[in-house]
Amino acid sequence: MWISKFCQFIEAVVTRMSLMSGYVLAATLSIVLIAASPLFMIALVGVLIWKLQPVRQINATHGSARWANMKDLIRAGCVFQPSGMVLGRFRQGVPLRFTDALFALFFLPLRRSHEAIAIASQASAKPVAVSVVLPNDYPHMSVYGPSGTGKSSCFVVPAAREVSDNMVILDPKGELARLMAKHRHRKFGHEIVVIDPFGVAKGCGFEAATFNPASLFRDNHETLVDEARRMASAVIVNTGAEKDPFWNKASNVLVTGVLAFLMAEASPEHANFNRLRDILTNPELMEQTISYMQQSQACGGLLQRLAGQMSQLQGQTKASVFSVANSHLEFLDSPGQESPLRRPRRKRRVQPTGFTEYF
């Protein structure tokens with residue numbers, strides 16, 4: 001790796017020196033010709049005045065808006081950055097001023113020779129394309145477009161291949177994991193964690209990881225119920241089209257209560273969403289859970305309060321609330337896939353009377 005970078009540095013320095021030598025040779029010849037003929041001096045002064053004239057950009061359609069040039073991008077920190085979201089590649093549309101090109105070649109330090117060559121080339125007929133990145137000053141970017149317009153191929157894939165920063169990539173189709181998981185592991189040495197509950201990323205070279213959010217908050221009983229309520233709100237989805245918000249709110253209380261109880265009282269291997277689903281779909285386990293919650297002193301008595309709310313559900317209202325709650329948890333029932341929220345099943349069947357085995 002370091003040998004490749006060293007060779008690239010030497011190549012940039014040599015190229016820069018050759019360009020500088022060309023300018024020095026041209027300046028030397030000009031001095032000799034000026035000494036030999038005053039007419040040449042007049043012509044040279046005229047060429048320099050023409051070259052140093054600022055380029056005016058007239059854009060009556062968009063007022064003061066204009067395309068960014070190299071100086072704008074350098075000032076904004078969008079080029080020559082070691083990391084960042086790649087936005088594309090840039091060539092100067094309007095030639096760079098001659099003095100700016102000379103300044104880059106002659107005054108930038110040697111370690112920035114690659115940049116000096118790229119900047120100086122913008123004043124030529126064949127400018128070098130430079131990568132434009134999103135600097136850290138602008139941490140958020142959104143790209144919108146219909147399918148097939150290059151959102152992934154032009155933005156996500158180049159960034160994931162070249163940017164060495166740690167990344168969290170949402171990949172509902174699994175294609176990005178198959179394209180780049182091994183590449184990032186080999187090139188940057190990153191630990192690759194693939195959470196794949198529905199098996200869409202098979203073939204990426206990494207086994208699907210598991211994640212149990214309920215295990216994150218077990219040790220802090222002061223905030224445990226609040227965290228359970230947040231997770232319940234994430235599971236019980238409110239679309240805004242509900243005719244009566246009561247059913248989702250009651251389902252939220254139901255999920256919050258059972259989940260908080262599991263986090264506070266169940267053993268670590270059983271405090272998970274799969275056990276939550278088991279309890280909500282089994283009336284006997286549900287009754288035992290409410291009974292345990294009414295006797296529990298955990299979380300400052302909040303479990304007892306939640307149990308009181310849950311026990312008030314009766315008759316058809318109770319059946320409807322359980323039906324709504326379980327409809328939001330159907331995503332956990334996927335026999336053919338490894339859900340990240342599921343726990344390993346015991347080989348023997350656990351009867352409802354074995355409820356105490358989970359504590």
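**Entry 1: aromatic pairs**

How many aromatic pairs does the structure hold? I looked them up in this predicted model. The structure holds 2 aromatic pairs.

I took Phe246 and Trp247 to begin with. Their rings form an edge-to-face pair. I noted 4.9 Å from centre to centre and 75° between the planes. Then I looked up how open the two residues are. Phe246 is partly exposed, at 37% relative accessible area. Trp247 is partly exposed too, at 27%.

Next I turned to Phe261 and Tyr292. Here the ring centres lie 6.2 Å apart and the planes meet at 55°, so I wrote this pair down as tilted. Phe261 sits in helix H9 (residues 246-265) and Tyr292 in helix H11, so the pair ties together parts that are 31 residues apart in sequence. Is Phe261 buried or exposed? Phe261 is buried, with a relative accessible area of 1%. Tyr292 is partly exposed, at 31%.

**Entry 2: Ser296**

Where is Ser296 found? I found it in the loop between helix H11 (283-295) and helix H12 (302-311). Ser296 is buried, because its relative accessible area is 5% and the cut-off is under 20%. Its side chain reaches the backbone nitrogen of Ala298 at 3.1 Å. I also listed what Ser296 touches, leaving out residues up to four places away in sequence. The list reads Glu265, Leu303 and Gln304.

**Entry 3: cysteines**

I wanted to know about disulfides. A disulfide is a covalent bond between the sulfur atoms of two cysteines. How many disulfides does a search of the whole structure find? The search finds 0. I looked up two cysteines anyway. Cys154 is partly exposed, with a relative accessible area of 45%. Cys204 is buried, at 1%.

**Entry 4: the largest pocket**

I finished with the largest pocket. Its volume is about 1400 Å³. I counted 35 residues in its lining. Which of them lie nearest the centre? They are Gln8, Gln81, Pro82, His114 and Glu162.

Which element gives the largest share of the lining? H1 does, with 7 residues.

Conventions. Residues are numbered from 1 along each chain as its sequence is written. This is a predicted model: local features need pLDDT of at least 70, side-chain atom pairs count only at pLDDT 80 or more; totals for chains, interfaces and linings use all residues. Side-chain values use heavy atoms; hydrogens and water are left out. A disulfide is a pair of cysteine sulfur atoms within 2.5 Å. Buried means under 20% relative accessible area, exposed over 50%, partly exposed in between (1.4 Å probe, protein chains only). Helices (H or I, at least four residues) and strands (E, at least two) are DSSP runs, numbered from the N terminus. A polar contact is a pair of N or O atoms within 3.5 Å; within protein, one must be able to donate a hydrogen and the other to accept it, and residues adjacent in sequence count only if both atoms are side-chain atoms. Contact means heavy atoms within 4.5 Å. Rings of Phe, Tyr and Trp (its six-membered ring) pair if their centres lie within 6.5 Å; planes under 30 degrees apart count as stacked, over 60 as edge-to-face and the rest as tilted. On a 1 Å grid over the protein atoms alone, a cavity is a set of points where a 1.4 Å probe fits but cannot get out, and a pocket is an open set with protein on both sides within 12 Å along at least five of seven lines; lining residues have an atom within 4 Å of a point. Grid points are joined across faces, edges and corners, and a volume is the space filled by probe spheres set on the points.
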